[in-house]
Structure formats: structure tokens, C-alpha cells
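Dear colleague,

I am handing over the structure we spoke about, and below it I have set out what was found. Please read the notes with the model open beside them.

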Amino acid sequence: MIILREVLVMKPTKWMDFPRRILVGSNILHEAPLLLQDIGISEGAILMITGKKSYDICGSLLKDILEDSGYLVDVVHTKDVTKKEVTNVLSGIKEKGNNYDIIMGVGGGSKIDMAKLLAKELSIDYVSVPTIASHDGIASPRASLKERYEQVSIQVKSPIAILADTAVISKADYRYTASGVADVIGNITAVRDWILAHKLKGEPFSESAAALSLTAARIILKNAESIKPNLEESTRLVVKALAMSGVSMGVAGSSRPASGSEHLFAHALTRIAPGKGLHGELVGLGTIMMAYLHGINWKKIKKTLEIIGAPTSAYDLDLDPNDVILALTTAHRIRRRYTILGETGLSEEAAKTLAKRTGVL
Ligand SMILES: [Zn+2]
């Protein structure tokens, strides 16, 4: 008798991590206690990480609402997201001897990044309460930390919940929202790069994560005309797209679905010319150029960014043309992530042609 032994080739175990609740709506801060109960925190102590401005426009009211419902709320105003600042906040917490049940990050990107890093250190969950919608960090399992002169991206848990009050977010400078839109549009080239890395380098690829990421970008492309300043409906659309983008990273277990060559370019430019342009704005410029390299409809991407009111040329952001070329030729060295830029990157001549043809320079 012949015994056939079936050998199953199993894929390695993969963890997916995404928010349990995403609440997006107008004037919904009063829903916070219900949201916390819903995720199993019906009482206890909350550490609120915020900044002065965010506290005034949102944190203070949120604190009152939570205290009225019986929670203890400690407010900590944080500065730049550095290792030193994380250590300072942690030692301050230790000194007080408080044990927190959950962290709430109330503010823009840096306050939510700080909440993410503290939650990781304290092994507790955090809720993301964005006051602006400038990038997909409001929902992603990645935190940006400033180390000396560089920004490093750290894998953290996804927020257990997101509470996005569109009434608050739509009052912020529209430039932030337009930047958030550009960050989501970057998903188009990020997914292209991912497919390339999968085909050429055998990198694991998740169909579902890529689909989520592209859906977020398509929502923006389809509704570009209706995204306008001071319009809560626009904010709602952008927040939902950003959240979807963040979730796609949770599904993939990495930032791959929402970060490719366009992000490498943006990060390179941030290193070369710190403080010029918001993250999403630089990603937008990168997306136009990387879409050109991928041979996809870069003109449509550029047009969409124009309609939204996001920058489409280096001059819109007062960037030095030499810095743009340097960022293009060095972007491939930012991290070991295979993209359309390949392993050797662009030559100076190719970079100049690319920037000129796409009108970025
Ligand atoms: Zn981004």
C-alpha cells in the first residue's frame, strides 16, 4: 500500500491589527464616554496627551465630558516627539504613581504620535482624537519620532478607537485637509511600488490591504470637486479616506500599502529642507513624479491635487530646485524598501527631466 503524505505549505502567521471603533461625525465629543464603554473602559483613569491649542479647541471640553461621566482625566501637554520627551512624560507619570487605563491623543500628528509611543511603553491602548486631518497617522499603526535630525517611523499598535469630530477638524486651516488628501492620493503609487516589489523581489503582498488603500485613494479622486474649505462634508470624506488608509496598514502589518517611492521622496526632502511643506504636500509632489515613472495617469493625479488646492509644484512650497533634485536622486537610500526608484535610484539627469516634464520644477 502506498501512503501519500500531503505536505501543506503554510504561510507564516500574520497579525492584523486595526481600530475596533471609528466614530466620525459633527459635534460628537459627548459620545466619548459611550465609545470608551464600548471598548471595555467603563471607568478609570485617562491620560490625555495634547497641546495648548488642541486643548483649548477640543481637549478641555472632552475632559469635562469625561469627568462628568466619572472618569479621572490627567492632562499632559507635550512638545516635540523625541525619545527625551517620551522619557520625560513617562518619568512624570511614574512620579505621580498613576495607573492609566487608556490614553487619548488629542491634537494634530505629533500629539497622536506621542500617544502612540506612550501607549507602546505602558502597554495600554490609545484613542486617536484628531483636530486636523493632515495625514493618515490619525489611524495608522506607525509613529513618527524625531531622532537628532531625522524622523524615524516606529511600528506601534493601531488606535483602539478613533473619535473624529468633523466640526472641530473643519475649523482648522484648510491647508491641513488638502495635505491629508494628498497623503491618501500617494496610495496610488505606493500600491504600484508594492506590486513591483512583490513581482521582482518576492515581497509578501496582501490583496485586501492593497484594495483598501486604493479604495481610499479612489474615493478622493471621485469626489475631488466636492472637497472644499469650511465644508464639514469634505472633512468627513477626507477623515474616512485617511482612516481607511490607516486600516490598510493594519491589515498589511506594515506601511507598504500607503508608503512607497512618493514617501521616500517626501522623507528625503524633509531631511534636506526641514520645515518646508507639510508631509502630505510633499507626498503629493512625489506622487505626481512617481506616477510618471510608473507610466500611469500622472496628469489626472496632478489635476486632482490642483482641484483640491494642494501644491503641485516646488515653487508653491518655496522649495529650492536643487533640493528637489537631490531628494529625487537620494530617495532610494532612505530605507530598504524596493520601489520604482530601484536599488540605484535616479541619475541627476533623469531626475531633472522627470521634475521638468511633470511641471514640479
Ligand atoms: Zn504619509
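Predicted model: local features only at pLDDT ≥ 70, side-chain atom pairs only at ≥ 80, totals over all residues.

Residues are numbered from 1 along each chain as its sequence is written.

Thr 82 lies in the loop between strand 3 (72-77) and helix 3 (83-96), with helices (H or I, at least four residues) and strands (E, at least two) taken as DSSP runs numbered from the N terminus. Leaving out residues up to four places away in sequence, Thr 82 touches Leu 145 and Lys 146, contact meaning C-beta atoms, placed from the backbone, within 7 Å. From Thr 82 to Lys 146 the C-alpha distance is 5.0 Å, although 64 residues separate them in sequence.

The largest nonpolar core has 109 residues, and Val 181 and Met 289 are among those with the most contacts inside it; such a core is a set of buried Ala, Val, Leu, Ile, Met, Phe, Trp, Tyr and Cys residues joined through C-beta atoms within 7 Å. Helix 9 (residues 232-252) gives the most to this core, with 11 residues. Beyond its neighbours within four places in sequence, Val 181 is in contact with Ile 220, Ile 227, Val 238, Ile 308 and Ala 310.

Met 289, Tyr 292 and Leu 293 of helix 11 meet Leu 354, Ala 355 and Arg 357 of helix 14.

With best wishes

Methods
Contact = placed C-beta atoms within 7 Å. Buried ≥ 20, exposed ≤ 12 C-beta atoms within 10 Å, placed from the backbone.
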